[in-house]
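Student: I would like a close look at one part of this protein. Please walk me through it and its surroundings.

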Amino acid sequence: MKKIKIANTDLELSPIGLGTVGAGLSWDHEDAFRIFENYLASGGNLIDTAHVYSDWVEGEVARAERVVGEWIRNRKRTDDFILMTKGGHPRMNTMEISRLSKEEMESDLNASLKKLGVDCVDIYFYHRDDVKRPVEELIETMESFRKAGKIRYYGCSNWTTARMKEADVYCKSKGYRGFVANQDMFNMGVKYMNPFSDPTMVVCDQEMLEYHRHSDNLLMPYMGICSGFFHILKAKGIEAVKDSCYNTEGNIKIADAVYKLCEEKGYSITQALLGFFAVQGFDILPLVSADDQEQLAEIAATLSIEFNKNDYEFLNLG
(Lines give C-alpha, C1' and ligand atoms only; values in the text may rest on other atoms or scores of the structure.)
Protein backbone atom coordinates (compact mmCIF):
# COMPACT_ATOMS: atom_id res chain seq x y z
CA MET A 1 0.00 0.00 0.00
CA LYS A 2 1.43 3.32 -1.08
CA LYS A 3 1.60 5.91 1.70
CA ILE A 4 0.98 9.59 1.04
CA LYS A 5 3.91 11.75 2.06
CA ILE A 6 3.27 15.41 2.84
CA ALA A 7 6.16 17.51 1.60
CA ASN A 8 8.42 19.19 4.15
CA THR A 9 7.03 17.12 7.02
CA ASP A 10 7.71 13.68 8.48
CA LEU A 11 4.08 12.66 7.85
CA GLU A 12 3.45 9.45 5.88
CA LEU A 13 -0.27 8.71 5.74
CA SER A 14 -2.46 5.85 4.61
CA PRO A 15 -4.60 6.78 1.56
CA ILE A 16 -7.84 6.69 3.59
CA GLY A 17 -8.34 8.26 7.02
CA LEU A 18 -10.81 7.02 9.64
CA GLY A 19 -13.37 9.60 10.73
CA THR A 20 -15.04 9.48 14.13
CA VAL A 21 -18.34 11.30 13.65
CA GLY A 22 -20.16 8.14 14.78
CA ALA A 23 -17.93 7.47 17.79
CA GLY A 24 -20.03 7.37 20.94
CA LEU A 25 -23.20 7.02 18.88
CA SER A 26 -22.93 4.02 16.54
CA TRP A 27 -19.90 2.55 18.32
CA ASP A 28 -18.28 2.95 21.72
CA HIS A 29 -16.08 1.26 24.32
CA GLU A 30 -14.97 -2.26 23.26
CA ASP A 31 -16.64 -1.92 19.85
CA ALA A 32 -14.69 1.28 19.30
CA PHE A 33 -11.44 -0.35 20.38
CA ARG A 34 -11.97 -3.11 17.79
CA ILE A 35 -12.76 -0.63 15.01
CA PHE A 36 -9.63 1.40 15.69
CA GLU A 37 -7.37 -1.64 16.02
CA ASN A 38 -8.78 -3.34 12.92
CA TYR A 39 -8.34 -0.15 10.94
CA LEU A 40 -4.67 -0.01 11.96
CA ALA A 41 -4.24 -3.72 11.21
CA SER A 42 -5.57 -3.14 7.69
CA GLY A 43 -2.83 -0.60 7.01
CA GLY A 44 -4.62 2.59 7.97
CA ASN A 45 -2.81 5.08 10.21
CA LEU A 46 -4.83 8.32 10.25
CA ILE A 47 -7.56 9.02 12.81
CA ASP A 48 -9.60 12.20 12.54
CA THR A 49 -11.83 13.71 15.20
CA ALA A 50 -13.02 17.14 16.35
CA HIS A 51 -13.89 19.12 19.47
CA VAL A 52 -17.40 19.71 18.10
CA TYR A 53 -18.24 16.02 17.63
CA SER A 54 -20.33 16.14 20.78
CA ASP A 55 -22.23 19.38 20.58
CA TRP A 56 -25.17 18.17 18.51
CA VAL A 57 -26.04 15.44 21.06
CA GLU A 58 -28.05 16.96 23.91
CA GLY A 59 -26.33 16.58 27.25
CA GLU A 60 -23.15 15.11 25.76
CA VAL A 61 -20.05 16.92 26.95
CA ALA A 62 -17.46 14.59 25.48
CA ARG A 63 -18.19 12.03 22.80
CA ALA A 64 -15.87 11.36 19.83
CA GLU A 65 -12.71 12.64 21.49
CA ARG A 66 -13.68 10.84 24.68
CA VAL A 67 -13.98 7.56 22.73
CA VAL A 68 -10.63 8.06 21.02
CA GLY A 69 -9.06 8.97 24.35
CA GLU A 70 -10.39 5.83 26.04
CA TRP A 71 -8.88 3.74 23.27
CA ILE A 72 -5.52 5.49 23.58
CA ARG A 73 -5.43 5.04 27.34
CA ASN A 74 -6.42 1.38 26.97
CA ARG A 75 -3.64 0.56 24.47
CA LYS A 76 -1.05 2.89 26.02
CA ARG A 77 0.61 3.92 22.76
CA THR A 78 0.24 6.52 20.00
CA ASP A 79 3.35 5.90 17.92
CA ASP A 80 1.67 3.82 15.19
CA PHE A 81 -0.92 6.33 13.97
CA ILE A 82 -1.41 10.01 13.16
CA LEU A 83 -3.95 11.82 15.35
CA MET A 84 -5.86 14.85 14.07
CA THR A 85 -8.51 17.00 15.69
CA LYS A 86 -10.21 20.31 14.99
CA GLY A 87 -11.27 23.37 16.95
CA GLY A 88 -12.98 26.72 16.48
CA HIS A 89 -16.33 25.42 15.26
CA PRO A 90 -19.23 27.80 15.99
CA ARG A 91 -21.73 26.80 18.65
CA MET A 92 -24.45 24.71 17.02
CA ASN A 93 -27.23 27.14 17.96
CA THR A 94 -25.25 30.21 16.80
CA MET A 95 -23.51 29.06 13.63
CA GLU A 96 -23.26 32.66 12.44
CA ILE A 97 -20.98 33.62 15.35
CA SER A 98 -17.31 32.85 14.78
CA ARG A 99 -15.14 31.28 17.50
CA LEU A 100 -11.63 31.75 16.14
CA SER A 101 -10.04 34.07 18.67
CA LYS A 102 -6.80 32.79 20.13
CA GLU A 103 -8.51 32.37 23.50
CA GLU A 104 -11.35 30.29 22.05
CA MET A 105 -8.99 28.16 19.97
CA GLU A 106 -6.73 27.56 22.97
CA SER A 107 -9.72 26.59 25.09
CA ASP A 108 -10.86 24.09 22.45
CA LEU A 109 -7.36 22.69 22.02
CA ASN A 110 -6.77 22.25 25.75
CA ALA A 111 -10.14 20.54 26.12
CA SER A 112 -9.32 18.23 23.19
CA LEU A 113 -5.93 17.30 24.61
CA LYS A 114 -7.53 16.48 27.96
CA LYS A 115 -10.26 14.31 26.42
CA LEU A 116 -7.81 12.56 24.13
CA GLY A 117 -5.38 12.01 26.98
CA VAL A 118 -2.37 13.29 25.04
CA ASP A 119 0.02 16.21 25.36
CA CYS A 120 0.24 16.89 21.63
CA VAL A 121 -1.76 16.15 18.46
CA ASP A 122 -0.10 15.55 15.11
CA ILE A 123 -2.31 17.89 13.08
CA TYR A 124 -4.67 20.54 14.47
CA PHE A 125 -7.26 22.17 12.21
CA TYR A 126 -9.26 25.33 12.12
CA HIS A 127 -12.72 23.76 11.72
CA ARG A 128 -14.06 26.92 10.10
CA ASP A 129 -12.72 30.26 8.85
CA ASP A 130 -13.52 33.83 9.81
CA VAL A 131 -12.78 36.13 6.89
CA LYS A 132 -13.03 39.14 9.22
CA ARG A 133 -9.82 37.98 10.88
CA PRO A 134 -6.57 38.43 8.92
CA VAL A 135 -4.81 35.19 8.04
CA GLU A 136 -1.72 36.55 9.79
CA GLU A 137 -3.53 36.45 13.13
CA LEU A 138 -4.86 32.94 12.57
CA ILE A 139 -1.51 31.56 11.46
CA GLU A 140 0.26 33.10 14.46
CA THR A 141 -2.28 31.46 16.76
CA MET A 142 -1.41 28.06 15.30
CA GLU A 143 2.30 28.84 15.46
CA SER A 144 1.95 29.64 19.16
CA PHE A 145 0.40 26.20 19.74
CA ARG A 146 3.18 24.55 17.75
CA LYS A 147 5.91 26.36 19.65
CA ALA A 148 4.23 25.38 22.93
CA GLY A 149 4.51 21.73 21.90
CA LYS A 150 0.74 21.14 21.83
CA ILE A 151 0.56 20.45 18.08
CA ARG A 152 3.08 19.23 15.53
CA TYR A 153 1.47 20.62 12.38
CA TYR A 154 -1.68 22.54 11.52
CA GLY A 155 -4.31 22.62 8.80
CA CYS A 156 -7.61 24.20 7.83
CA SER A 157 -11.14 23.05 7.14
CA ASN A 158 -13.82 24.89 5.17
CA TRP A 159 -11.45 27.58 3.95
CA THR A 160 -11.68 28.99 0.44
CA THR A 161 -8.85 28.75 -2.06
CA ALA A 162 -8.26 32.49 -1.85
CA ARG A 163 -7.81 32.38 1.93
CA MET A 164 -5.46 29.39 1.75
CA LYS A 165 -3.35 31.23 -0.82
CA GLU A 166 -3.21 34.25 1.49
CA ALA A 167 -2.02 32.00 4.30
CA ASP A 168 0.59 30.41 2.03
CA VAL A 169 2.03 33.81 1.12
CA TYR A 170 2.25 34.88 4.75
CA CYS A 171 3.80 31.60 5.89
CA LYS A 172 6.41 31.76 3.15
CA SER A 173 7.34 35.30 4.20
CA LYS A 174 7.83 34.13 7.80
CA GLY A 175 9.55 30.84 6.99
CA TYR A 176 6.69 28.78 8.46
CA ARG A 177 5.68 25.36 7.09
CA GLY A 178 2.05 26.51 7.00
CA PHE A 179 -1.04 24.41 6.40
CA VAL A 180 -0.23 20.75 5.76
CA ALA A 181 -3.80 19.67 5.01
CA ASN A 182 -7.22 21.05 4.09
CA GLN A 183 -10.56 19.39 4.88
CA ASP A 184 -13.34 20.49 2.51
CA MET A 185 -16.40 18.80 1.07
CA PHE A 186 -15.51 16.86 -2.06
CA ASN A 187 -16.89 13.68 -3.55
CA MET A 188 -18.28 12.17 -6.72
CA GLY A 189 -21.60 13.96 -6.31
CA VAL A 190 -20.61 17.57 -5.53
CA LYS A 191 -20.45 18.64 -9.17
CA TYR A 192 -24.21 18.25 -9.59
CA MET A 193 -25.49 18.58 -6.03
CA ASN A 194 -27.87 21.29 -4.84
CA PRO A 195 -26.55 23.79 -2.25
CA PHE A 196 -25.75 22.13 1.06
CA SER A 197 -27.84 23.08 4.09
CA ASP A 198 -24.87 24.48 6.06
CA PRO A 199 -23.44 27.53 4.24
CA THR A 200 -20.32 27.50 6.42
CA MET A 201 -19.17 24.26 4.78
CA VAL A 202 -16.98 24.87 1.75
CA VAL A 203 -17.25 22.68 -1.35
CA CYS A 204 -14.07 21.90 -3.25
CA ASP A 205 -14.45 23.32 -6.77
CA GLN A 206 -12.20 23.24 -9.82
CA GLU A 207 -10.16 26.21 -8.59
CA MET A 208 -9.47 24.44 -5.32
CA LEU A 209 -8.61 21.18 -7.08
CA GLU A 210 -6.08 23.01 -9.21
CA TYR A 211 -4.62 24.66 -6.11
CA HIS A 212 -4.13 21.30 -4.40
CA ARG A 213 -2.72 19.75 -7.55
CA HIS A 214 0.27 22.08 -7.25
CA SER A 215 0.38 22.66 -3.49
CA ASP A 216 2.02 20.87 -0.56
CA ASN A 217 -1.28 21.39 1.30
CA LEU A 218 -2.93 17.93 1.11
CA LEU A 219 -6.64 17.75 0.29
CA MET A 220 -8.53 15.61 2.82
CA PRO A 221 -12.17 15.52 1.68
CA TYR A 222 -14.98 14.81 4.12
CA MET A 223 -18.35 13.29 3.14
CA GLY A 224 -16.44 11.16 0.66
CA ILE A 225 -19.28 8.72 0.12
CA CYS A 226 -21.91 11.42 -0.43
CA SER A 227 -23.73 10.89 2.87
CA GLY A 228 -24.89 7.48 1.63
CA PHE A 229 -26.93 8.91 -1.28
CA PHE A 230 -25.87 6.29 -3.83
CA HIS A 231 -26.25 3.48 -1.28
CA ILE A 232 -29.76 4.51 -0.25
CA LEU A 233 -30.86 5.13 -3.83
CA LYS A 234 -29.79 1.62 -4.78
CA ALA A 235 -31.35 -0.06 -1.76
CA LYS A 236 -34.59 1.90 -1.35
CA GLY A 237 -35.25 3.82 -4.55
CA ILE A 238 -35.69 7.46 -5.49
CA GLU A 239 -38.40 8.20 -2.93
CA ALA A 240 -35.95 7.52 -0.10
CA VAL A 241 -33.53 10.20 -1.32
CA LYS A 242 -36.02 12.77 -2.60
CA ASP A 243 -34.91 15.35 -0.03
CA SER A 244 -31.16 14.79 -0.47
CA CYS A 245 -29.05 17.64 -1.83
CA TYR A 246 -27.50 15.01 -4.13
CA ASN A 247 -30.85 14.17 -5.70
CA THR A 248 -30.32 15.82 -9.09
CA GLU A 249 -30.55 14.65 -12.68
CA GLY A 250 -26.76 14.67 -12.98
CA ASN A 251 -26.26 12.46 -9.95
CA ILE A 252 -28.97 10.02 -11.01
CA LYS A 253 -27.00 9.50 -14.23
CA ILE A 254 -23.79 9.07 -12.24
CA ALA A 255 -25.56 6.52 -10.02
CA ASP A 256 -26.37 4.31 -13.00
CA ALA A 257 -22.72 4.39 -14.07
CA VAL A 258 -21.52 3.66 -10.53
CA TYR A 259 -23.79 0.64 -10.20
CA LYS A 260 -22.57 -0.66 -13.56
CA LEU A 261 -18.95 -0.19 -12.48
CA CYS A 262 -19.64 -2.15 -9.30
CA GLU A 263 -21.12 -5.02 -11.30
CA GLU A 264 -18.22 -5.12 -13.75
CA LYS A 265 -15.40 -4.83 -11.21
CA GLY A 266 -16.92 -6.46 -8.16
CA TYR A 267 -16.64 -3.26 -6.14
CA SER A 268 -19.00 -2.27 -3.40
CA ILE A 269 -20.61 1.15 -3.81
CA THR A 270 -18.35 2.52 -1.07
CA GLN A 271 -15.26 1.23 -2.87
CA ALA A 272 -16.36 2.69 -6.20
CA LEU A 273 -16.94 6.08 -4.58
CA LEU A 274 -13.56 6.02 -2.85
CA GLY A 275 -11.90 5.02 -6.11
CA PHE A 276 -12.96 8.42 -7.44
CA PHE A 277 -10.28 10.04 -5.28
CA ALA A 278 -7.58 7.61 -6.37
CA VAL A 279 -7.91 8.49 -10.07
CA GLN A 280 -7.71 12.28 -9.85
CA GLY A 281 -4.05 12.36 -10.85
CA PHE A 282 -2.63 13.72 -7.58
CA ASP A 283 -2.73 12.74 -3.92
CA ILE A 284 -6.10 13.11 -2.21
CA LEU A 285 -6.82 11.52 1.16
CA PRO A 286 -10.54 11.04 1.90
CA LEU A 287 -11.83 10.73 5.45
CA VAL A 288 -14.46 8.02 5.91
CA SER A 289 -16.42 6.84 8.91
CA ALA A 290 -17.45 3.26 9.66
CA ASP A 291 -20.45 2.43 11.84
CA ASP A 292 -19.55 -1.22 12.36
CA GLN A 293 -16.99 -3.91 11.57
CA GLU A 294 -18.64 -4.80 8.28
CA GLN A 295 -18.34 -1.26 6.96
CA LEU A 296 -14.79 -1.04 8.24
CA ALA A 297 -13.84 -4.24 6.38
CA GLU A 298 -15.30 -2.77 3.21
CA ILE A 299 -13.24 0.40 3.62
CA ALA A 300 -10.12 -1.54 4.57
CA ALA A 301 -10.38 -3.67 1.44
CA THR A 302 -10.34 -0.47 -0.61
CA LEU A 303 -6.75 0.14 0.51
CA SER A 304 -5.55 -2.80 -1.62
CA ILE A 305 -7.49 -1.97 -4.81
CA GLU A 306 -5.67 -0.39 -7.76
CA PHE A 307 -8.27 1.80 -9.42
CA ASN A 308 -8.07 2.66 -13.12
CA LYS A 309 -8.86 6.16 -14.38
CA ASN A 310 -10.41 4.72 -17.53
CA ASP A 311 -13.14 3.12 -15.45
CA TYR A 312 -14.26 6.58 -14.37
CA GLU A 313 -14.54 8.17 -17.81
CA PHE A 314 -18.25 8.65 -17.21
CA LEU A 315 -17.25 11.54 -14.92
CA ASN A 316 -15.35 13.30 -17.73
CA LEU A 317 -12.23 13.57 -15.61
CA GLY A 318 -9.67 16.04 -16.85
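Is Asn-45 buried or exposed, and what is its relative accessible area?

Tutor: Keep in mind that this is a predicted model. Asn-45 is buried. Its relative accessible area is 10%, and the cut-off for buried is under 20%. Asn-45 sits in the loop between H1 and S4.

Look at its contacts next. Leaving out residues up to four places away in sequence, Asn-45 touches Lys-3, Glu-12, Leu-13, Ser-14, Tyr-39, Leu-40, Asp-80, Phe-81 and Ile-82. Two of those names, Tyr-39 and Leu-40, come back among the buried residues of H1.

So take H1 itself. Helix H1 covers residues 29-41, which is 13 residues. From first C-alpha to last it reaches 18 Å, close to the 18 Å expected at 1.5 Å a residue. Its buried residues are Ala-32, Phe-33, Ile-35, Phe-36, Tyr-39 and Leu-40. They cover an arc of only 165° around the axis, so they sit on the same side of H1. The general rule behind this is that an α-helix has 3.6 residues a turn, so residues three or four places apart point the same way. The cover over the buried residues of H1 includes strands S3 (17-19) and S4 (46-48), and helices H2 (64-75) and H10 (293-302). Just after H1 comes Gly-43, with a positive phi of about 115°.

Helix H3 runs over residues 102-116. Its 15 residues should span 21 Å at 1.5 Å a residue, and its end C-alpha atoms are 21 Å apart, which agrees. Buried in H3 are Met-105, Asp-108, Leu-109, Ser-112, Leu-113, Lys-115 and Leu-116. Seen down the axis, these fall within an arc of 165°, so they line one face of the helix. The face turned away from that buried side carries exposed Glu-103 and Lys-114. The buried residues of H3 pack against H2, S5 (82-87), S6 (121-126), H4 (135-147) and S7 (151-157). Ile-82, one of the contacts of Asn-45, belongs to S5 (82-87). After H3 comes Gly-117, and its phi is positive too, near 75°.

H10 leads on to H9. Helix H9 (residues 269-278) is mostly covered, with nine of its 10 residues buried. Those buried residues pack against H7, H8, strand S10 (287-288) and H10.

Note on methods:
Residues are numbered from 1 along each chain as its sequence is written. This is a predicted model: local features need pLDDT of at least 70, side-chain atom pairs count only at pLDDT 80 or more; totals for chains, interfaces and linings use all residues. Side-chain values use heavy atoms; hydrogens and water are left out. Helices (H or I, at least four residues) and strands (E, at least two) are DSSP runs, numbered from the N terminus. The expected span of a helix is 1.5 Å times one less than its number of residues. Buried means under 20% relative accessible area, exposed over 50%, partly exposed in between (1.4 Å probe, protein chains only). The arc is that of the directions from the helix axis to the C-beta atoms. Contact means heavy atoms within 4.5 Å.
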